[in-house]
Amino acid sequence: FPVTIPFPWIQEFKFGFLPFLKADSKEYLFSIVYNKDTSLHEMIATKEGIETIEVDGKSFETQKLKITLKGFKKRFWKAEAWFDLKTHHMLKYRSNEGPGTPFVEVTLIK
């Protein structure tokens, strides 16, 4: 039987949020396929504000996004991502694997 994806599908956060970053809206509903068991999850990204971050000794003005599962499941996983305001390139990403797991932070230099 066919699977219906309720919201736009974004699997790659590095470039998948481009339309949302350019829009005036504060929230964006989307779907992902979890790579460990191929289950479909409804997600929400929220613009959290503008922040200056430093990457490789350079300062960047960024749009910070908070990314969570939709509904009750949002208590179990979250991520944060910072996108350059000028280029919309993702500069930093931080997430955990679930409750009680450590956060992993990735900084994208090139």
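This section describes charged side chains and one histidine in a predicted model.

The salt bridges come to a count of 6. One of them joins the side chains of Glu42 and Lys70, at 3.7 Å from N to O. Glu42 sits in strand β2 (residues 40-55) and Lys70 in the loop between β3 and β4, so the bridge ties together parts 28 residues apart in sequence. Glu42 is partly exposed, at 33% relative accessible area. Lys70 is partly exposed as well, at 35%.

A salt bridge also forms between Glu51 and Lys64, again with an N to O distance of 3.7 Å. Glu51 belongs to strand β2 and Lys64 to strand β3, so this pair ties together parts 13 residues apart in sequence. Glu51 is partly exposed, with a relative accessible area of 32%. Lys64, in contrast, is buried at 14%.

Glu105 and Arg94 meet in a further salt bridge, at 3.9 Å. Strand β6 (residues 104-107) holds Glu105 and strand β5 holds Arg94, so parts 11 residues apart in sequence are tied together. Both side chains belong to a network of salt bridges that links Glu51, Lys64, Glu80, Lys92, Arg94 and Glu105.

Positive charge gathers in a surface patch of Lys66, Lys74, Arg75 and Lys78. Lys66 lies in strand β3 (residues 58-69). Its relative accessible area is 32%, which makes Lys66 partly exposed.

His88 lies in the loop between β4 (78-84) and β5 (90-95). His88 is buried, because its relative accessible area of 19% falls under the 20% limit. Beyond residues up to four places away in sequence, His88 touches Leu18, Leu21, Lys22 and Phe83.

Conventions:
Residues are numbered from 1 along each chain as its sequence is written. This is a predicted model: local features need pLDDT of at least 70, side-chain atom pairs count only at pLDDT 80 or more; totals for chains, interfaces and linings use all residues. Side-chain values use heavy atoms; hydrogens and water are left out. Patches are made of residues with over 30% relative accessible area and no salt bridge: like charges are joined within 9 Å, nonpolar side chains (Val, Leu, Ile, Met, Phe, Trp, Tyr) within 5 Å. Accessible areas come from the Shrake-Rupley method with a 1.4 Å probe; for residues, only the protein chains shown count as cover. A salt bridge is a side-chain nitrogen of Lys or Arg within 4 Å of a carboxyl oxygen of Asp or Glu. Lys and Arg count as positive and Asp and Glu as negative; His and the chain ends are not counted. The place of a charge is taken as NZ of Lys, CZ of Arg, CG of Asp or CD of Glu. Helices (H or I, at least four residues) and strands (E, at least two) are DSSP runs, numbered from the N terminus. Buried means under 20% relative accessible area, exposed over 50%, partly exposed in between (1.4 Å probe, protein chains only). Contact means heavy atoms within 4.5 Å.
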